[in-house]
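Subject: Handover of the structure and notes on it

Dear colleague,

My notes come after it, and I would be glad if you read them with the model open.

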Amino acid sequence: MRNLVLLYAFVALTTVACSRKTARWDNNVAVPLFSTEMTLNDVDRRFLVNNASDSGYTLIYDNLVYNARSLRVTAPDTSLNTAFTLRRLKLSDRSIVQRITLAQINPTFRLLDGQTIGVPAQNQTNLSPVDIDASAFFETATLDSGFLDISINNELPVKVSLLVFELQNASDGSVVAKDSFLNINQGSSATKSISLRNKTVNKGLKGVIRHLITEASNGPVLINVSKGVEVTLTVRNLRPRNAIAAFPNQNVIEQDEALVLDMGGPQVKFFKVKQGWLRLKVESTIQENMTMVLKIPSASLNGVPLERVVKMPGAKPGNTERKEETVDMSGYLLDYRGRDPNVKDTVNTFHQIMIVSLDSSGRKVQVTLNDSLRIYYALTDLLPEYATGYMGQTLNNSVGKAPFVLFKGADGNIVFKDFKASVLVKNSIGAEGRVRVKSLESENVFSGNKVKLSASPLNNDVLIGPAPFMYGETTDKQVVLDGSNSNIKAFVENLPQLIHYDIDIETNPNGNVSNWKDFVFDNSSADIYLRLEAPVSFTVGGLNLRDTQGIEAASVPQVQRVKSATIIFDVENDYPFEVDMAFSLLDQYGNALGDVTVNPGTIMAGKTTPSGEPMAASRTVLRANIPRERTESLRKAHAVAIKARVVGNGTQQKIYNTYKLRVKTSLQAEYEAQF
Amino acid sequence: MKHSFKFLLGLLLAAQTLQAQKNNNTKVPEIAAKNDTSVNLPSRDTVYTIQSKMIAVSISSESGSAGMPLSITGRFLLGGYIPSERISQTEARLKSQVSGGIASTMQLNVSDKFFIRRHQMGGIRFNDDAFRLVFQGNGAYLGQTLDARIKKATQWDVLELGFGFEKSKNLLQGKGKVTYKGSINPGWLRSYSAVNNFRTQVYTDTLAQHVDVLWGGNVQRAQGGFGLTINSGITYDFSSGPWKMVFVGLENAGLYYTHELKTYGRLPGMADSTVRLQSASTSLNRIFRGDWLGDRIDTIKRQIGLDSSRKSNTLLAPFAVYLAANHEKWGFVRLSYRNLPGYLPRLDYQPKIKLGIGALRFYPSVSLGGFDTWNINLLSYWTWKPIQRGGLQVNMRLEGLESLVMPSRLNGFGALVTLRVRL
């Protein structure tokens with residue numbers, strides 16, 4: 001029995017013990033949903049009804065036939081790659097002084113020091129060498145070029161007839177310099193210059209007087225053994241091949257030059273950079289600190305010229321020191337007028353200055369011919385916000401076909417009454433242009449019918465002026481076509497889906513008449529449209545959303561935990577009319593499940609110019625509330641009915657097919673979180 | 001919970017029935033001596049406190065929070081709905097750092113040689129914005145940035161068997177006795193989850209048109225696994241001197257192995273950069289077909305760099321350590337610690353105060369630390385001697401009684417109910 005009790009307890013504990021229950025609370029979540037935009041191209045054609053008698057709107061439909069973007073100015077990548085090696089380095093000019101005393105020349109004179117006696121002529125050879133410390137010059141250097149000036153100052157009381165002086169490297173006795181000095185009077189000096197080309201000079205030197213001949217004194221003279229021959233060694237213009245030395249501050253590269261660039265035709269004066277990069281790379285094996293200053297007077301941002309200073313620390317022996325830098329050139333204005341902007345006809349010319357200097361640290365560092373400093377800089381991937389200058393003369397011929405969307409999917413049931421047609425040229429290039437429409441033909445792909453446009457106004461070239469200097473602005477030229485000057489009616493009533501074209505576009509047909517005041521923006525082009533204007537009216541919902549849309553709320557994950565929701569519609573409306581909005585939920589049989597409150601219920605109209613072109617979109621934030629008591633309806637809904645009532649203002653208004661209704665939606669929902 | 005109480009009643013009846021069938025008139029000693037405070041060790045009946053020939057069933061729960069009221073933390077144990085008003089009240093009083101946790105155990109002991117028990121416990125440390133984001137949502141903070149951080153959180157659900165052993169030895173010169181008790185506990189890991197250094201910074205535009213998210217850290221989950229832990233404790237009982245008893249113990253120390261630990265975090269190598277979630281640009285047709293949503297969710301996952309991996313892993317079990325002592329005059333003191341986030345070292349003090357009515361005894365105590373900051377507790381037990389041998393004792397320990405006089409202090413609650421039967 002006891003065992004049964006134990007068994008019961010065991011089973012009970014493992015099977016019916018408490019499991020943790022779910023904790024629940026309400027959480028408020030806000031997420032973005034979707035965004036979309038709607039144009040007339042999204043309108044169901046069934047809702048476009050031509051009814052001139054009661055129409056409130058004129059539909060203006062611009063169909064792009066051809067877009068010419070031949071004047072794309074891009075700045076070619078500009079790069080500079082330079083290097084310098086030891087040949088450009090120099091060592092400081094320096095002097096050291098060494099005295100060879102009378103006592104060193106002839107020790108026996110020590111006994112006569114201070115006495116006044118007559119000195120006989122002397123002839124001595126291979127005097128004891130004297131140590132000379134040249135560490136002030138360098139540790140060691142092998143020289144490509146340079147000079148050693150040896151000055152001998154005769155402090156002896158007699159004339160020196162001959163002095164042969166030899167300078168040796170103390171380490172190996174190799175001769176650095178040797179020369180003879182003749183007839184140096186008492187108290188006078190003589191100087192000889194010796195080339196050090198291909199010589200190796202160490203800091204430890206020995207000065208040796210190989211031969212010294214002096215004349216006898218004129219009578220008794222004072223013997224002063226501390227006086228003698230003063231040797232001054234001066235090194236100058238040293239260009240080492242390799243050296244261990246403390247290099248002085250010096251500029252090793254100085255470049256100030258103008259680069260002429262090939263722009264592929266245009267003659268550019270100014271180039272405002274939309275995007276692009278300046279890439280700098282410096283590599284050095286030189287063991288001394290360096291500074292590189294790059295100035296580009298041709299590039300300025302807000303009036304401040306581009307200047308970069310790169311500090312390179314001395315490389316460790318056997319290693320290469322590297323520095324890289326990338327500069328975002330967006331917003332910079334490049335001046336291609338060269339070094340002197342006053343020279344009027346300079347174009348495509350880029351001014352840059354580079355100075356590389358050695359910053360002496362006072363350390364003795366080793367530099368050889370194998371050491372180098374390499375500098376690479378490049379302006380790359382430059383795209384213009386705009387460019388000014390003379391864009392050159394270009395002639396583009398283009399043959400092709402363009403879609404004509406207005407009649408996409410239409411059959412032969414639509415008749416347009418009272419419509420106007422024109423060929424519209426929109427030029428956003430800052431240069432004159434000439435358009436020659438050689439041929440336009442409409443094709444209805446369903447019937448196979450083609451109609452070639454015959455229009456007397458298009459027999460002549462269409463001249464168009466430059467665009468105003470404002471991004472997005474165009475100069476337009478419209479050639480009106482009607483029944484008296486063309487067969488446009490037959491052309492349009494063919495209900496084409498395709499337009500075949502053969503068009504020439506020429507820029508600057510008269511040459512540089514603007515005197516280098518042409519310009520292009522990044523999106524400048526010459527566009528040719530076929531424009532149709534027709535009075536239209538709309539039935540309910542025709543301009544907005546379809547009237548009834550299926551939804552599958554039940555398919556949304558965890559939808560049963562949504563307790564209430566607000567859908568926020570942020571609407572930007574180009575259209576010149578208000579739209580009243582209303583939503584209601586429908587079940588699978590189309591029966592109403594309830595209305596969804598929309599607050600406010602009206603989308604405001606956009607602002608237009610007096611001629612009806614879009615000027616500023618209106619912004620309306622709509623909130624569609626689905627309260628708690630309606631969420632059950634939402635879960636059951638299979639469709640939503642959208643009622644959109646267009647509110648006109650009683651006057652004729654133009655509607656361009658470039659108008660947009662931009663909608664961004666987000667969701668705020670109260671849902672039940674669980675853990 | 002209801003099932004467990006029914007189970008306890010059933011066991012009580014079974015035990016009574018069992019005893020009624022015995023016709024042995026041997027007087028059985030009381031289950032607990034007058035001053036027996038061993039029921040305090042460690043915090044519920046284990047092999048340390050169960051004597052041979054005894055069955056005990058206990059249910060215990062310890063919960064608390066520094067920052068959140070019991071009406072919220074308790075729901076995570078008992079389940080149920082947390083009203084929005086309560087969440088708002090808590091949010092208004094939040095400190096910058098919040099912690100909390102729950103530890104509950106159901107256990108059946110058969111003498112000191114065998115037990116079976118189930119642990120469900122968890123702890124968490126997080127900041128005030130994490131509370132706001134989880135309990136209120138980013139929709140309540142449009143145009144603001146929430147910088148939510150969960151420093152550490154773990155949750156365990158394990159089922160264990162325990163096989164006990166004991167060894168005792170008398171101290172020299174009759175000074176007392178030392179008893180070593182322990183058990184080896186193979187166990188089954190029912191579920192485990194952990195959050196490690198999770199941080200998310202969320203900015204929601206005033207119209208919710210974009211949500212900027214910066215996040216890091218990871219979340220781990222495992223279901224299924226096995227492990228082995230040990231309980232080990234030494235009790236010194238002194239026959240002379242003011243200190244009567246000293247206990248040092250370790251509980252649930254060991255490892256659990258799971259063959260599939262899922263980790264959700266950022267893609268490897270992805271820098272902690274801000275991701276902007278915006279409206280999905282789509283066509284009208286897709287909007288009304290409704291099939292943009294699936295792509296959108298996939299896109300969002302890619303954008304925020306959510307990645308997951310699975311691998312086997314070994315986990316350190318949520319152990320507890322105890323140090324307790326009983327003084328002749330001062331009473332009982334215990335220092336304990338659980339290896340759970342949000343759990344501070346806890347000090348319990350039970351003075352030598354005994355209240356009672358008949359067979360009912362009460363022992364008040366205070367505690368500092370644990371999941372909560374401080375609590376006033378009450379241990380009670382009732383002994384019933386049935387007709388025949390054996391006895392029946394019901395212990396109940398309640399924690400958090402200070403909330404009876406200070407309702408705003410209802411941050412934590414603990415309860416221990418034990419039913420003991422001597423066979």
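This is a predicted model: local features need pLDDT of at least 70, side-chain atom pairs count only at pLDDT 80 or more; totals for chains, interfaces and linings use all residues.

Residues are numbered from 1 along each chain as its sequence is written, chains are lettered from A and ligands numbered from 1 in the order in which they are written, and side-chain values use heavy atoms, with hydrogens and water left out.

**Chain A overall**

The secondary structure of chain A amounts to 4 helices and 45 strands, both being DSSP runs numbered from the N terminus (helices H or I with at least four residues, strands E with at least two). Of its 675 residues, 48% count as buried, where buried means under 20% relative accessible area, exposed over 50%, and partly exposed in between, with a 1.4 Å probe and protein chains only. Chain A exposes about 31,600 Å², of which carbon and sulfur atoms supply 49%; these areas come from the Shrake-Rupley method with a 1.4 Å probe, and for residues only the protein chains shown count as cover. Among its contacts (heavy atoms within 4.5 Å) between residues at least 6 apart in sequence, 87% join residues at least 24 apart.

A nonpolar core is taken here as a set of buried Ala, Val, Leu, Ile, Met, Phe, Trp, Tyr and Cys residues joined through side-chain atoms within 4.5 Å. The largest one has 119 residues, and those with the most contacts inside it are A:Ile150, A:Phe165, A:Met329 and A:Val356. Strand β16 of chain A (residues 228–245) gives the most to this core, with 7 residues. Once neighbours within four places in sequence are set aside, the contacts of A:Val356 include A:Phe84, A:Ile253, A:Met290, A:Met292, A:Leu373 and A:Ile375. A second, separate core of 22 residues includes A:Phe569, A:Leu634, A:Ala637 and A:Val663.

Strand β25 of chain A (residues 372–390) is mostly covered, with 14 of its 19 residues buried. Strands are said to pair if DSSP finds at least two bridges between them, and β25(A) pairs in the antiparallel sense with strand β18 of chain A (residues 267–284) over 15 bridges, with A:Val268 standing opposite A:Gly389. β25(A) also pairs in the antiparallel sense with strand β33 of chain A (residues 518–521) over 4 bridges, where A:Val520 in β33(A) is the bridge partner of A:Ala387.

**Chain B**

Helix α5 of chain B (residues 128–135) has 6 of its 8 residues buried, so it is largely enclosed by the rest of the structure. Those buried residues are B:Asp128, B:Asp129, B:Ala130, B:Phe131, B:Arg132 and B:Phe135, and α5(B) is followed by B:Gly137, whose phi is positive, near 90°.

B:Ser191, found in strand β6 of chain B (residues 176–204), is buried with a relative accessible area of 16%. Its side chain makes a polar contact of 3.0 Å with the side chain of B:Gln155; a polar contact is a pair of N or O atoms within 3.5 Å, of which, within protein, one must be able to donate a hydrogen and the other to accept it, and residues adjacent in sequence count only if both atoms are side-chain atoms.

**Salt bridges**

The structure holds 41 salt bridges over all chains, each being a side-chain nitrogen of Lys or Arg within 4 Å of a carboxyl oxygen of Asp or Glu. In one of them A:Lys563 pairs with A:Asp26, the closest N and O atoms being 2.7 Å apart. This pair links distant parts of the chain, with A:Lys563 in strand β36 (residues 562–573) and A:Asp26 in strand β1 (residues 23–38), 537 residues apart, and both residues are buried.

A:Asp149 forms a salt bridge with A:Arg236 at 2.6 Å between the closest N and O atoms. A:Asp149 lies in strand β9 of chain A and A:Arg236 in strand β16 of chain A, so the pair ties together parts that are 87 residues apart in sequence. A:Asp149 is buried, at 12% relative accessible area, whereas A:Arg236 counts as partly exposed, at 25%.

With kind regards
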